[in-house]
Structure formats: structure tokens, C-alpha cells
There are 2 protein chains.
Amino acid sequence: MALKSFIEVHSDSHFPIQNLPFGVFKPLPTSPPRPGVAIGDYVLDLSQIALAGLFNGPALNGTDCFLQPNLNKFLSLGRPAWKEARATLQKLLSSTEPTLRDNADLREKSLVPMSKVEMVLPVVIGDYTDFFSSIYHTKNCGIIFRGPQTPIRDNWFQLPVAYHGRASSIIVSGTDVVRPRGQSAPTGSPPVQFGPSKKLDFELEMAVVVGPGNELGKPIDIKEAADHIFGLVLMNDWSARDIQAWESFPLGPFLGKSFGSTISPWIVTLDALEPFACDAPKQDPKPLPYLTEKISKNYDVSLEVRIKPVGEQDSHVVSRSNLKHLYWTLTQQLAHHTVNGCNLRPGDLLGTGTISGPVWLQSFPTFLGSCLKLILLYHVVLNRNRILLDAC
Amino acid sequence: MALKSFIEVHSDSHFPIQNLPFGVFKPLPTSPPRPGVAIGDYVLDLSQIALAGLFNGPALNGTDCFLQPNLNKFLSLGRPAWKEARATLQKLLSSTEPTLRDNADLREKSLVPMSKVEMVLPVVIGDYTDFFSSIYHTKNCGIIFRGPQTPIRDNWFQLPVAYHGRASSIIVSGTDVVRPRGQSAPTGSPPVQFGPSKKLDFELEMAVVVGPGNELGKPIDIKEAADHIFGLVLMNDWSARDIQAWESFPLGPFLGKSFGSTISPWIVTLDALEPFACDAPKQDPKPLPYLTEKISKNYDVSLEVRIKPVGEQDSHVVSRSNLKHLYWTLTQQLAHHTVNGCNLRPGDLLGTGTISGPVWLQSFPTFLGSCLKLILLYHVVLNRNRILLDAC
């Protein structure tokens with residue numbers, strides 16, 4: 001029989017007892033932030049569970065990681081602590097376990113209606129990296145910029161291409177994004193224009209939240225890479241295409257990206273995603289040994305972008321994709337990132353890059369059309385441009 | 001008469017009473033780090049000066065910013081606090097002021113021989129950005145990659161080109177750098193090679209240390225930009241050219257740079273550099289209004305790179321340049337960085353990019369030759385590749 005919580009969870013909820021994503025929240029606007037997990041329409045306050053002495057397994061006993069204003073300390077403890085926390089919480093929340101179910105006082109203190117809380121950034125992000133790991137996205141971009149003959153350059157098939165992004169401007173879903181101003185050159189050369197971006201775009205991504213890091217100069221072997229991944233957030237890598245096109249030669253995107261990047265407040269753990277693991281696409285050419293995995297896996301996670309114009313009641317689906325479309329796996333991204341000795345730290349964020357699917361590739365003219373439509377829709381919401389990032 | 005310290009300072013010292021750069025140090029390997037300023041062959045322990053109640057002006061009275069393990073809090077206080085600290089310290093250290101000079105106990109506690117201290121990173125660096133602001137460097141790179149006809153693209157003359165760098169791998173001068181491993185493709189296409197970089201290079205830069213930041217969505221006006229700059233460090237942006245060349249299309253440098261970037265332990269304040277201010281080069285075309293300054297200034301700071309092979313006593317000068325060669329000024333870089341609403345935070349680092357001078361441009365073949373020689377020299381020191389970053 002499937003594990004079930006004593007808390008009622010609607011069948012279409014993203015937050016059954018099998019998920020239990022981690023986040024950081026304030027019960028009241030004036031409360032200090034503290035870690036929580038989502039269960040149905042509630043947030044379970046982990047600081048209260050810790051104060052009640054219920055994290056008493058060998059990996060977590062005595063730690064103050066749930067009394068912190070962010071998850072970085074918990075993330076630094078590694079998979080044994082994560083597994084223990086997950087097991088403890090699944091047991092506490094299950095319908096057959098009386099400890100929390102039958103303790104009215106503790107329930108009152110620890111279960112907060114999700115509608116009342118304010119979610120904040122779950123981690124302090126030291127560095128943010130953005131990969132370019134979807135072959136469909138890379139091909140689409142390549143056709144636009146290089147034409148249909150050789151849309152993808154050789155290096156892309158040999159390594160997960162990536163660039164450093166801006167960490168300071170990463171915000172939690174729901175935070176308003178201010179329309180960026182900047183330079184653009186519609187013809188590709190002067191005269192330049194200056195003003196609010198006319199080509200604001202979104203990028204549907206997910207991002208790895210790094211657990212334990214590595215020492216500078218000591219690469220992480222691909223065999224160990226999964227143990228450095230705590231979980232995944234949704235990410236919207238807002239992009240001002242006009243600013244980006246003009247500034248990017250020769251060093252890559254800068255102000256076209258750094259005015260705000262939105263992540264979901266909930267981090268879905270790799271452990272919760274395990275039942276959705278699936279084979280990653282076959283890689284040809286065969287990657288170098290430092291990128292070769294015995295079992296190369298992706299995760300089958302449906303992704304959807306909706307836009308809700310100001311004043312309208314309903315949101316409109318404008319894009320559907322799936323995390324399983326990544327060419328380079330999350331573990332390959334992480335191993336590659338450190339192969340030169342670069343050090344990761346707990347809380348670092350590794351974006352996948354836009355996750356496009358094969359449908360876009362097959363109907364490319366339609367994709368372009370839909371792009372234009374998206375830009376129009378964005379114009380409607382520019383002064384309060386939120387994208388609905390429902391946590392998965 | 002020039003201001004003089006009661007502490008003897010050699011005439012060729014980088015640390016006269018007119019400089020007083022800020023850093024963070026440990027008097028003993030086991031001591032907690034604390035802020036200090038350099039004076040002659042000594043470090044003045046600012047935590048001791050604060051505990052003695054000697055920072056008693058209106059901007060600093062009662063603050064614990066010098067009891068922190070880094071300078072971020074001091075930097076966040078802004079120019080009034082920086083000017084007050086500098087004035088207080090210049091007075092305390094002057095030959096005519098008895099407070100410290102005649103207090104043997106306080107001298108004993110607060111003045112530590114520089115040879116005995118361990119310098120650590122002076123700030124927690126939230127984000128690191130690297131600009132590309134020397135026209136000579138840009139032209140040299142352009143000739144290599146694009147040929148002598150149009151070495152510099154149009155966008156470079158319209159905006160200070162930059163990219164996000166890796167913050168986690170910034171290290172303080174003296175820290176060993178491990179030779180990075182990675183992919184390269186000497187012919188520009190497969191087959192690829194994997195192994196330790198064969199083209200390790202240095203880049204002579206300086207970097208702005210940001211003081212007060214700005215809120216996301218609120219650009220810093222160029223008229224206010226100088227008030228957000230605390231000071232400058234020396235920077236060596238170590239680069240693995242073979243890794244960089246293969247990975248950089250289309251998103252810019254990544255692992256070719258993120259294995260270690262060295263900064264000097266001492267931050268020279270903008271106030272100390274004021275006597276060295278000089279006119280910046282005339283910019284043609286005229287920059288857009290958001291980059292236009294009434295007075296456009298650079299600083300006349302001689303820069304020198306020396307290499308000291310393992311086992312040799314002496315270092316060899318391999319490059320000489322000057323900060324005054326920047327085309328885009330420090331204030332233009334900062335204003336541009338935030339024009340899209342990107343938020344800076346105290347302690348952020350903005351590298352200038354390699355500061356090449358006109359000599360390299362005029363004798364380009366010589367420059368190439370000297371480059372090769374440098375690479376050879378680096379091979380000698382690869383297992384312990386330190387570059388002497390004498391603070392200026």
C-alpha cells in the first residue's frame with residue numbers, strides 16, 4: 001500500500017508525502033526565516049521538529065542545521081543526513097505514526113497553512129553557473145545564429161558548455177522583476193539604442209542545488225557526482241534578447257541575464273526524484289573517460305510554462321517540455337565543472353540551460369511564431385512580470 | 001611638510017602613512033582573522049584600535065565593523081566611514097601624535113610584524129565580474145583571433161564588455177594554484193586531448209572592491225559610482241589558454257579561468273589613490289549619457305609582473321604596464337554593470353581585464369615572442385606556480 005500522510009493531500013497536489021521538498025519560509029512577515037518541507041497545503045516547520053528532539057538519528061542528532069535561516073548547513077551534511085531527514089519526516093507525517101498526528105500542541109506549532117507563509121530563497125547561493133545542455137535548444141539557437149547547415153559546433157558534443165552567471169540577482173518565485181534597461185543595436189552595429197528591453201524572454205530551466213562541495217584543486221569524480229547533488233529547483237532564466245545580442249561578443253551573456261533569475265522556493269530532492277529516473281539519451285561521440293558513467297540517467301519531470309497577463313484570471317500554457325530531454329546529465333555537468341579543480345560550495349546553483357524538447361525542433365517555424373507571441377504576451381505584463389513557477 | 005609616521009618606513013616601501021591599505025590577517029596561524037592596515041613592515045590590528053575606543057568619530061563610533069573576520073561590514077558603511085577611519089589612522093600613526101606612539105602596551109598589542117602574519121582574503125566575495133577595458137589588450141586579442149583589419153568589434157567602443165567570473169576560486173596571493181586539467185583541441189576540432197593545461201598564462205589586472213551595493217532593479221547613476229568603490233586590489237586572472245579556446249564558443253570563458261584567480265591581500269583605497277588621479281583617454285565615439293562623466297579619470301599606478309622560477313633566488317620582470325591605460329574607467333564599468341538593475345553587494349569584485357599598454361601594441365611581434373617565453377617560464381614553476389603580487 002502506498003505511503004499516505006495523516007494530512008489530507010489532494011490527488012493533484014504537487015506535495016504528497018512522497019515528495020517533501022525543502023524550502024525556507026517565514027510563518028509571519030516578521031518571523032525569522034526557518035527551514036520547512038511542503039506537505040499538501042501545509043508547510044512543516046523543521047525548526048519546531050528539531051526543537052522537539054525528533055531528528056534523533058545518528059546523522060542529525062544534535063545538529064542545529066534546522067535552526068538556521070537557510071539550508072546551506074543541512075546541505076553541507078551530505079546524503080546520509082538528507083536520507084535520514086527524509087525518512088524521519090516521512091515517518092512523522094505518515095497516517096500510521098502517532099507522534100505528530102496525535103500531538104495537538106506540536107501540530108499547532110509546526111504545521112502552517114501554505115497560503116499564510118512567505119517563502120524566501122532557500123539557500124545562500126555562492127556561485128551560479130548556467131549550462132547549455134539541451135540539444136534541441138542548442139540546435140534551435142544554432143539555426144538562428146549560424147544557419148541550418150552546422151547549427152551545433154563540435155565542442156558542444158565533447159563537453160557540457162556553460163558560463164558563470166550572476167548570483168546576486170537570483171530571486172525567489174513571486175518576486176517582481178524590473179524590466180531591464182540597456183543598449184541594443186537592432187542592425188547589429190551602431191547607432192545604438194538605449195532604453196527598456198523590447199525583447200524580454202523567459203528560459204525554462206531546472207537547476208541543481210549543490211550539497212557538499214569540493215576543495216579547490218580537487219575535482220569531483222563522476223562516480224561521486226550524485227552525492228554532491230541535493231536536489232533541483234525550477235528556474236526561469238529571464239533574458240533580454242536585444243541587450244544580450246549586442247553585448248555578448250566575445251565574452252558571452254552579461255547584462256542580458258543579470259537583472260533577475262527566478263527559482264522556485266521548493267527544492268525537490270534527488271531522493272524524491274529517484275522513482276522518475278530514466279535513461280539519458282545515447283551520446284555520440286562517446287564522451288571522454290572523466291564524463292563516462294556506468295549508468296547515465298535523466299529524470300522524467302514534466303515541465304510547463306504558463307503566462308498570466310495582468311487583469312486576467314487564467315494563465316495560458318505557452319510551453320511544455322521535460323527534464324528527460326537533457327543531452328548532458330546533471331552528474332556530467334557537475335563532474336565537468338570541477339575537472340579543472342574549480343571548487344563548488346553548498347548552495348551553489350547549476351542551471352541546466354533552457355530545456356527544449358523535440359517538438360520545437362520538428363516544427364521550427366511554429367516555434368519562432370510562438371516566440372513572437374510570447375514576447376507580445378510579455379509586453380502585457382511587463383510592469384508586474386511574474387511567471388507562475390509552480391513547484392513540481 | 002609631508003605627513004610622517006613614528007614607525008620607520010623605508011623610502012622604497014609600498015606602505016607609507018599615505019597609503020594605509022586595508023586587509024585581513026591572522027597574527028598567529030591559530031588566531032581568528034581580523035582587519036588591519038599596512039604601515040611599513042607592520043600590520044596595525046584594527047580590532048585592537050577599536051577595542052581601545054579610538055574609532056570615536058560620528059561615522060564609526062560604536063560599530064563592530066573592525067571586530068569582524070572580513071571587511072564587508074566596514075565596506076557597507078560607505079565613504080564617510082572610510083574617510084573617518086583613514087583620518088583616524090593617519091593621525092594615530094603620525095610622528096606628532098602621542099596616543100599610540102607613547103603607549104607601549106597598545107603598541108605591543110596592535111602592531112604586528114608583517115613577516116609574522118598570515119594574510120587571508122580581505123572580503124567575502126559575493127560575485128566577481130571581469131571587464132575587458134584595455135584597448136591595447138582588446139586589440140592584441142582581436143589581431144590574434146580576427147586579424148589586423150578589424151581587430152575590435154563595434155560593441156566594444158559603446159560599452160565596457162564584461163563577463164561573470166567564478167567567485168569561489170578567488171584566492172589570496174601566496175596560495176598555491178593547482179595546474180588545471182581539461183579538454184583542448186589544438187587544431188580547433190576533434191580529436192580532443194585531455195590532461196594538464198599546456199598553455200597556462202597570467203593576466204595582469206586590478207580589481208575594484210565594491211563598497212555599498214544597490215537594490216535589485218535600481219541602477220547606480222554614474223555621478224554616484226565613485227561612492228560605491230572602496231578601493232583596488234591587484235589581480236592575476238590565471239588563464240589556461242588551451243582549455244579556454246576550446247570551451248568558449250558561444251558562451252565565453254569558463255573552466256579556462258575558474259581554477260584560481262589571485263588577488264593581493266591589501267586593498268588600496270580610492271582615497272589613497274586620489275593623488276595619482278589622471279585624465280582618462282578621450283573616448284571616440286562619445287559614450288551614451290548613462291556612461292558620460294563630467295570628469296573622466298584614471299589612476300597612474302605602475303604595474304609590473306615578475307616571475308620567480310622554483311629554485312631561483314631572483315624574480316624576473318616579464319611585463320610592465322599602468323592602470324592609466326584603461327579605456328573604460330572604473331566608474332563607467334560600475335555604472336554599466338548596474339544599468340540593467342543588476343545588484344552589487346559590498347565585497348563584490350570587478351576586474352579591469354588585462355591591462356596592456358601601448359608598448360605591446362607597437363611591438364606586437366615582440367609581445368608574441370615574450371608570451372611564448374612566459375609560457376616556458378611557467379612550465380618551470382608549474383608545480384608551485386606562485387606569482388609575486390607585491391601590493392602597490
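How many salt bridges does the rule find across the interface of chain A and chain B? The rule finds 4, a salt bridge being a side-chain nitrogen of Lys or Arg within 4 Å of a carboxyl oxygen of Asp or Glu.

Before the details, some ground rules. This is a predicted model, where local features need pLDDT of at least 70 and side-chain atom pairs count only at pLDDT 80 or more, while totals for chains, interfaces and linings use all residues. Residues are numbered from 1 along each chain as its sequence is written, chains are lettered from A and ligands numbered from 1 in the order in which they are written, and side-chain values use heavy atoms, with hydrogens and water left out.

Back to the interface. One salt bridge joins R166(B) to D127(A), with the closest N and O atoms 3.5 Å apart. On the side of chain A that touches chain B, β7(A) gives the largest share, 4 residues; strands here are DSSP runs of E, at least two residues, and helices are runs of H or I, at least four, numbered from the N terminus. Chain A puts 56 residues into the contact and chain B puts in 56 residues, where contact means heavy atoms within 4.5 Å.

Now the sheet in chain A. Its 5 strands form an open sheet with antiparallel pairing, in the order β4-β3-β2-β1-β5. Two strands pair if DSSP finds at least two bridges between them. At the edges are β4 (111-113) and β5 (118-120) of chain A, each pairing on one side only. Strand β3 (residues 42-45) of chain A pairs with β4(A) over 3 bridges, and Y42(A) has P113(A) as its bridge partner in β4(A).
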